[in-house]
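Q: I'm new to this one. Please walk me through it.

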Amino acid sequence: MTETPAPTIVTVPDADLAAAAARPGGIARLADRIRASGAVAVAIGTDRFDLERGRGHRLDPTAAALALGRALPTHGLLVAAAPTREHPYNVARRVLSLDHVLDARVGLVVGARDHGLPVTAEQHDVAEFAEVVRGLWRTWPLDSIVGDREAGRFADTKRIRPLDHDGGPGGYRVRGPLTTPSSRQGEPVLAVWHDVAYEGADLVLGAHRDDTGVAHPLIPLPAAADVSEPSRASSPTTDTATDRRTLRDLLGLPVPATVGA
Amino acid sequence: MSADAGLILGVNLQGFGQRPAAWRTQDVEPTDLLTAEFWGDIGRIAERGLLDMVFFADHPALGDPNVRAYGLLEPFVALGAIADATTHLGLVGTASTTYNDPVDLAERLLSLDTVSGGRVAWNAVTTYDRSVSANFGVATNPERPERYARAGEVVDLVQALWRSAATGVPVDHHGEFTEFAGAISVPPSAQGHPVVFQAGGSPHGRDLAARVAEGVFAVELTPEPAREHYRAVKQAAETYGRRAADVAIVPGLSLVLGSTEAEAQRRFDELEALAPDGYSLRALGTHLDADLTDLDPEAPIPAPILDREVDPVTYGPSLGYHETVVRWVRSHNTSLREVLRGFGGYGARIVVGTPEQAADTIEEWYRTGAADGFNLMIDEFPRGLETVVDELVPILQRRGVFHRAYEDVTLRGRLGARARGL
């Protein structure tokens, strides 16, 4: 076996994230455990894709991501979402907004179903959900923002396009464009949970490496007791001003060619 | 009545400022609007001035960024960045009751409230803008009665879900628009759950505010109608078994400040000259729901535009703005040009003057029962906010209307303490 080890991604159980947020200093201690894992990125909210684990205390991953991401200034962050109740316009907007405020270190993990909530009457196709989210991320290229103060031209609006997605009966109809321009890494990393079939994903995530080797392995969060030197781990030893690696850099993923085309 | 030192001050975060040209008159990069650092700095300045809260409107559709660049980040994401940079500042975000799933919304807002230590408020709006519905697969927005019926149900369900998070007792909701049986499992926040604000000024909106809101973002141009609306909402709250003090009335107030009145006027003129062509005219046209572009600027606005009976069912835009602006135009209608000259707040009261003059207006409205506080619409960020914090706030403190320390860490604790006169 000579394969190059893939950069690891650590998962945070929902209950640990919720408990950390509810206690003063809890997010900093959780960040220490994540650092101790050796992973380059962390996935939050993925318990919801698992029927067995998706029913305990939890936080909305997009609401918790900022605080955790600021406590981990050089790690990537993947947040979970499913089409169970959320609309792709809202999800696309929140995740791309997060990618901006966390300096291009963000990704989205799309799963088929949020097992923590009852489904709505309308059921949506998860691949279509992912397709609409990704399409919306490509409607407003960041480099169209020119900021010409003299001419009063904020952006070259000719380069902003609607999406005009029409999924037919029972599908999504989404005009676009998104309110948010693309990001420094082009667009957030788009991952799918291992039971989702969507060819446009950057990454397939699974709890375990499957037989085909396609799914990216996730490592478990080290127990708090195993994190021996939190004080050293939490001191700012890296120069975050010069080390501005994006999540795509951290995971070795290319910038999608379509962005800014 | 308002308690001493109980004035509530919030800041409406509108891109680089309320003036559409604010990005052209300051040394800022357009993409600053996308960074945690920019919004964190704004939050820190506001907190240095002991301001109660920052506020984001929301418009889940892209407008022309060359007319007005704002709302590039989703409001609660930007508020998360501000939460991370501050410890006491209240964080008020707008979210539509029409275009959000109530269960998702309840989880998401309570999550940020827990992460931020109990500082979040939800401004519940129904969303009338036609460009939004197309992003959500709806041909047109529902008419006002349906929007508000849904809004009432969604707010009730969201609040019931927040209570379920604390008690563990499941919600069993079978409404006209939504069905949900279950609970959400987010840990309760330091203030229990988010505060609820409401912004609609129509009869439907005021009724919703009286029933459920802890704060109302009002639209007022002159004090007498403001006092009427203030009394009406408080009295309606009492008919729902609430106390008048349980709902805070917070109109918008536009500020362009200078060390002299002449300097403030020069700043205002400079910002107006750099604004996109016809910006004020379009803003006025939006509130009157009429195309004003071909009118004679030297003639008064024609009576039919002002006299038109508006159908509260089918009229899409804000009825609160419409009513307030029509009433104001009638008393200033010497010519369209003159109306526009006084319309610098784009529908909100504006003070172009010194911090003392702004304090006069604020104190008068506060002490005469026209407002419990103001949502300040500041000309430029960060510069104009620093002027407010360093020059206006100390005047209001000396006059005994604004607090000298945060009474409580949580937003609800603070609003409650101010209402009780503590």
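**Strands, helices and the chain contact**

Q: Which residue of β3(A) is the bridge partner of I44(A)?
A: V79(A) is the bridge partner of I44(A) in β3(A). Helices (H or I, at least four residues) and strands (E, at least two) are DSSP runs, numbered from the N terminus.

Q: What kind of model is this?
A: This is a predicted model: local features need pLDDT of at least 70, side-chain atom pairs count only at pLDDT 80 or more, and totals for chains, interfaces and linings use all residues. Residues are numbered from 1 along each chain as its sequence is written, while chains are lettered from A and ligands numbered from 1 in the order in which they are written.

Q: Back to the strands. How many bridges join β2(A) to β3(A)?
A: Four bridges, and the two strands run parallel. Strands pair if DSSP finds at least two bridges between them. β3(A) covers residues 76-81.

Q: Are the residues of β2(A) buried or exposed?
A: Buried. A41(A) and A43(A) point one way, V42(A) and I44(A) the other. Buried takes 20 or more other C-beta atoms within 10 Å of the residue's own; 12 or fewer is exposed, in between is partly exposed, and C-beta atoms are placed from the backbone.

Q: What's the order of the strands in the open sheet?
A: In chain A, seven strands run β10-β9-β4-β3-β2-β1-β11, with parallel pairing. The edge strands are β10 (203-205) and β11 (218-219) of chain A, each pairing on one side only.

Q: How many bridges hold β9(A) to β10(A)?
A: Three, in the parallel sense. A191(A) stands opposite L203(A) in β10(A). Helix α5(A), residues 126-137, packs on the sheet and touches β4 (106-110) and β9 of chain A. Its direction makes about 160° with that of β4(A). Axes are lines fitted to C-alpha atoms, for helices over the stretch in contact, and angles run from 0 to 180 degrees between N-to-C directions.

Q: How many helices and strands in chain A?
A: Seven helices and 11 strands. Of its 261 residues, 52% count as buried.

Q: At what angle do α1(A) and α2(A) pack?
A: About 140°, with axes 6 Å apart. That makes α1(A) oblique to α2(A). Under 35 degrees would be roughly parallel, over 145 roughly antiparallel, 65 to 115 roughly perpendicular, and the rest is oblique.

Q: Which residues make the contact?
A: From α1(A), D16(A), L17(A), A19(A), A20(A), A21(A) and A22(A). From α2(A), G26(A), I27(A), R29(A) and L30(A). Contact means C-beta atoms, placed from the backbone, within 7 Å. The residues of this contact divide into seven nonpolar, one polar and two charged. Ala, Val, Leu, Ile, Met, Phe, Trp, Tyr, Cys and Pro count as nonpolar, Asp, Glu, Lys and Arg as charged, and the others, Gly among them, as polar.

Q: What follows α2(A)?
A: G38(A), with a positive phi near 80°. The buried residues of α2(A) are L30(A), A31(A), D32(A), R33(A), I34(A) and R35(A).

Q: New topic. How many residues of chain A are in contact with chain B?
A: 46 residues of chain A, with 46 of chain B. α4(A) gives the largest share of chain A's side, eight residues. The residues of that side divide into 22 nonpolar, 13 polar and 11 charged.

Q: And in chain B, how many residues of α4(B) are buried?
A: 14 of the 14, so α4(B) is largely enclosed by the rest of the structure. G117(B) follows α4(B) and has a positive phi, near 80°.

Q: Is A190(B) buried or partly exposed?
A: Partly exposed, with 18 other C-beta atoms within 10 Å. A190(B) is found in the loop between β6 and β7 (195-198) of chain B. Leaving aside neighbours within four places in sequence, A190(B) is in contact with G117(B), G118(B), V409(B) and T410(B).

Q: How far apart are the C-alpha atoms of A190(B) and G413(B)?
A: They are separated by 9.5 Å, though 223 residues apart along the chain.

Q: Last one. How do β5(B) and β6(B) run?
A: Antiparallel, joined by four bridges. A hairpin joins the two through four residues, and V171(B) stands opposite G182(B) in β6(B).

How values were computed: Contact = placed C-beta atoms within 7 Å.
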